[in-house]
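Thanks for coming, everyone. Let me put the structure up, and then we'll walk through it.

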Amino acid sequence: MALAPPDDAKDELAHALRPVHAAHPRLRWNRIEDWHITLAFLGEVAVDVVEALRPPLAEVAVGAEPVTLALHGAGQFDERVLWSDVRGDLDALHTLADAVRGVVADCGIPLENRPLRAHLTLARARRDNLDGIAAAAAELADFAGRSWPARKLHLVASNQGRGPGPIHYRDVDAWPLPTR
C-alpha cells in the first residue's frame, strides 16, 4: 500500500538528482516511475486476499483526511539505502497508514510491527560497493520540493524476487483520496 508523488513533484526531485546520478553511477537507482511512499509492505499475497482487500481499502480511502506532502532533503538507512524525506501532514499520513495496516491485519496478512518512517527510496548501494550513499545524501540535503496533495491510495505489486535487475512496480488498484 502506497502513495505516489505526482509527476511534477517527481520531476522536480529528478532534476535535483541529475548531478548526484552522475557523481554516483554505481548506485542502483530506482526508476522515477516506481517512486512511491510505502504505507504498509504486504510481501507475497494470494489473489483471493487481494480481492478481499479491495472493498475495505476503498472505504479507508473515502474516509481519509486530506494529506498534503512534500519531498525534502535526503538520508540513508544503514549504508545501503538512499531516501528522500517526506514532510507535511504527517499526522494525517500516520492516521491513513494505521487504517491501511488495520485492514491488512483484518485480512490476515502479517505485517512487520515497525513504525512508519515516511520516505521515498531513491537508490541502493551494491553489496560490493557501499561507497556513495552517505555522499549522495549529503549532496541532496538542501533539496526542498513543493507541496502536493496525495490523490490516490495505491495497492502496488512488484517483480521482486523474479529475476535479476531492478525492482519494477505496478498498480494493482488505486482509490481516490479526499483533497482540500
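Predicted model: local features only at pLDDT ≥ 70, side-chain atom pairs only at ≥ 80, totals over all residues.

Start with the annotation. UniProt, in an unreviewed entry, places "domain: Phosphoesterase HXTX" at residues 4-83 and 91-162. Take residues 4-83. The chain there is 42% helix and 21% strand. The end C-alpha atoms of that stretch sit 14 Å apart.

In what order do the strands of the open sheet run? The order is 2-6-5-4-7. There are 5 strands, and the pairing is antiparallel. At the edges we have strand 2, residues 28-29, and strand 7, residues 148-149. Each of these edge strands pairs on one side only.

Strand 2 pairs with strand 6, residues 119-124, in the antiparallel sense. That pairing has 2 bridges.

On to helix 3, residues 90-106. How far apart are its end C-alpha atoms? They are 24 Å apart. At 1.5 Å a residue, the 17 residues should span 24 Å, so the two values agree.

Which residues of helix 3 are buried? Ala-92, Leu-93, Leu-96, Ala-97, Val-100, Val-103 and Val-104. Look down the helix axis. The buried residues fall within an arc of 135 degrees, so they line one face of helix 3. The face turned away from that buried side carries Asp-91, Asp-98 and Asp-106, which are exposed.

What do the buried residues of helix 3 pack against? Two of the partners are strand 1, residues 2-3, and helix 2, residues 47-63. They also pack against strand 4 (68-77), strand 5 (81-88) and strand 8 (152-158). Just after helix 3 comes Gly-108, with a positive phi of about 80 degrees.

Last topic: charges. Side chains of opposite charge can pair when their charged atoms come close. How many salt bridges does the model have? The count comes to 9. I'll show three of them.

Go to helix 1, residues 7-23. Lys-10 and Asp-7 form a salt bridge there, at 3.8 Å from N to O. Both residues lie in helix 1, 3 residues apart, about one turn of the helix. Asp-7 is exposed, at 55%.

Next pair: Asp-85 and Arg-87. Their closest N and O atoms are 3.5 Å apart, and they form a salt bridge. Asp-85 has a relative accessible area of 16%, so it counts as buried under the 20% cut-off. Arg-87 is partly exposed, at 41%.

There is also a network. Salt bridges that share partners join Arg-31, Glu-33 and Asp-34. Within it, Glu-33 and Arg-31 have their closest N and O atoms 3.0 Å apart. Glu-33 is partly exposed, at 48% relative accessibility. Arg-31 is also partly exposed, at 28%.

That's the tour. Questions, please.

Technical notes
Residues numbered from 1 in each chain as written. Heavy atoms only, no water. Pairing = 2+ DSSP bridges. Helix = DSSP H or I, 4+ residues; strand = E, 2+ residues; numbered from the N terminus. UniProt positions renumbered as here; feature names shortened; annotations may be inferred. Salt bridge = Lys/Arg side-chain N within 4 Å of Asp/Glu carboxyl O. Buried < 20%, exposed > 50% of the residue type's maximum accessible area, 1.4 Å probe, protein only. Expected span 1.5 Å × (residues − 1). Arc of directions from axis to C-beta. Contact = heavy atoms within 4.5 Å.
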